[in-house]
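I am opening a notebook on a structure that is new to me. My plan is to look things up step by step and to write down what I find.

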Amino acid sequence: MTESRTGPETLSREILLIVGAMLLYFGVRNLTAGSAAAARANGDRVAELESKLGFAYEHGLQDRVVGNASLVDAANWVYVWGHWPVILTVAAVLFLTRRSDYLLLRNAMFVSGALGFLFFALLPVAPPRLMDLGLVDTVSERSGAYRTLQPPGLTNQFAALPSLHAGWNLLVGIALLWAFRNPIARAFALVSPVAMALAVVVTANHYVIDVWAGW
């Protein structure tokens with residue numbers, strides 16, 4: 001059933017909620033801004049835990065991609081354009097056509113985001129690209145789009161665990177599967193979370209364990 005009625009009060013409320021979430025994000029960012037040493041120490045612990053558990057796949061995955069410019073561009077593209085543009089587009093479509101599904105997605109993102117922000121504040125973790133692990137920061141070195149859209153000065157550099165890129169893309173995929181029967185939408189819902197999970201690791205923005213934590 002289509003739910004297309006959108007009053008100015010409803011839209012204003014949603015905007016205020018999103019602005020409030022953004023302010024919370026920047027508050028957490030400022031809280032952890034001076035935690036570089038702690039974040040790198042926690043990054044070492046995450047890498048060590050992965051080795052013990054047997055799924056430290058970061059080098060193996062990146063080695064299969066980094067020598068191929070097309071694959072690097074694809075991974076960068078997914079990381080940059082497959083997250084917020086996808087989330088905002090799906091949210092807008094659901095807001096205009098399936099309001100109850102939009103609210104379910106919004107609330108799930110708010111709850112998971114709050115849990116993520118708690119981790120970022122109490123357990124800052126430096127991503128692989130900021131560690132001495134021999135991994136290439138493909139987004140910064142081979143793509144100017146993301147660092148231009150989200151300069152390091154405006155983002156939390158120590159928010160590796162959990163990966164909200166992976167977690168929120170999974171939520172969007174679930175929302176699409178729940179709301180639509182269109183085969184293209186459903187195929188995208190299945191492919192997008194997997195592509196993002198690979199992209200965040202291949203670009204050295206997250207550890208494998210960050211993806212599992214995000215999911």
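Before placing any residue I noted how elements are assigned: helices (H or I, at least four residues) and strands (E, at least two) are DSSP runs, numbered from the N terminus. I keep in mind that this is a predicted model, in which local features need pLDDT of at least 70 and side-chain atom pairs count only at pLDDT 80 or more, while totals for chains, interfaces and linings use all residues. Residues are numbered from 1 along each chain as its sequence is written, and side-chain values use heavy atoms, with hydrogens and water left out.

**Entry 1, Met109.** I looked up Met109 and found its place in helix α6. Met109 is buried, with a relative accessible area of 12%, where buried means under 20% relative accessible area, exposed over 50%, and partly exposed in between (1.4 Å probe, protein chains only). Leaving aside residues up to four places away in sequence, Met109 touches Ile87, Trp168 and Leu171; contact here means heavy atoms within 4.5 Å. I also checked Gly167, which is 58 residues from Met109 along the chain, and the C-alpha atoms of the two are separated by 8.9 Å.

I counted 11 helices and 0 strands in the protein chain. Of its 215 residues, 43% are buried. Among contacts with a separation of 6 or more, 85% are between residues 24 or more positions apart. The protein chain exposes about 11,400 Å², of which carbon and sulfur atoms supply 69%; accessible areas come from the Shrake-Rupley method with a 1.4 Å probe, and for residues only the protein chains shown count as cover.

Which residues does Glu14 link with in a network of salt bridges? Arg13, Glu14 and Arg106 make up that network. The side chains of Arg13 and Glu14 meet at 3.3 Å, N to O, whereas the closest N and O atoms of Glu14 and Arg106 are 2.7 Å apart. Glu14 lies in helix α1 and Arg106 in helix α6 (residues 99–122), so the pair ties together parts that are 92 residues apart in sequence. Glu14 is buried at 3% relative accessible area and Arg106 is buried at 17%, but Arg13 is partly exposed at 43%. I noted another salt bridge between Asp137 and Arg129, with the closest N and O atoms 3.6 Å apart; Asp137 is buried at 10% relative accessibility, and Arg129 is buried at 16%.

I then looked at helix α9 (residues 164–179) and helix α10 (residues 183–202), whose axes come within 8 Å and cross at roughly 175 degrees. That makes α9 roughly antiparallel to α10, since angles under 35 degrees count as roughly parallel, over 145 as roughly antiparallel, 65 to 115 as roughly perpendicular and the rest as oblique. The axes are lines fitted to C-alpha atoms, for helices over the stretch in contact, and angles run from 0 to 180 degrees between N-to-C directions. Residues in α9 including Leu170, Gly173 and Leu177 meet residues in α10, among them Phe188, Ala189 and Met196.

Key
Salt bridge = Lys/Arg side-chain N within 4 Å of Asp/Glu carboxyl O.
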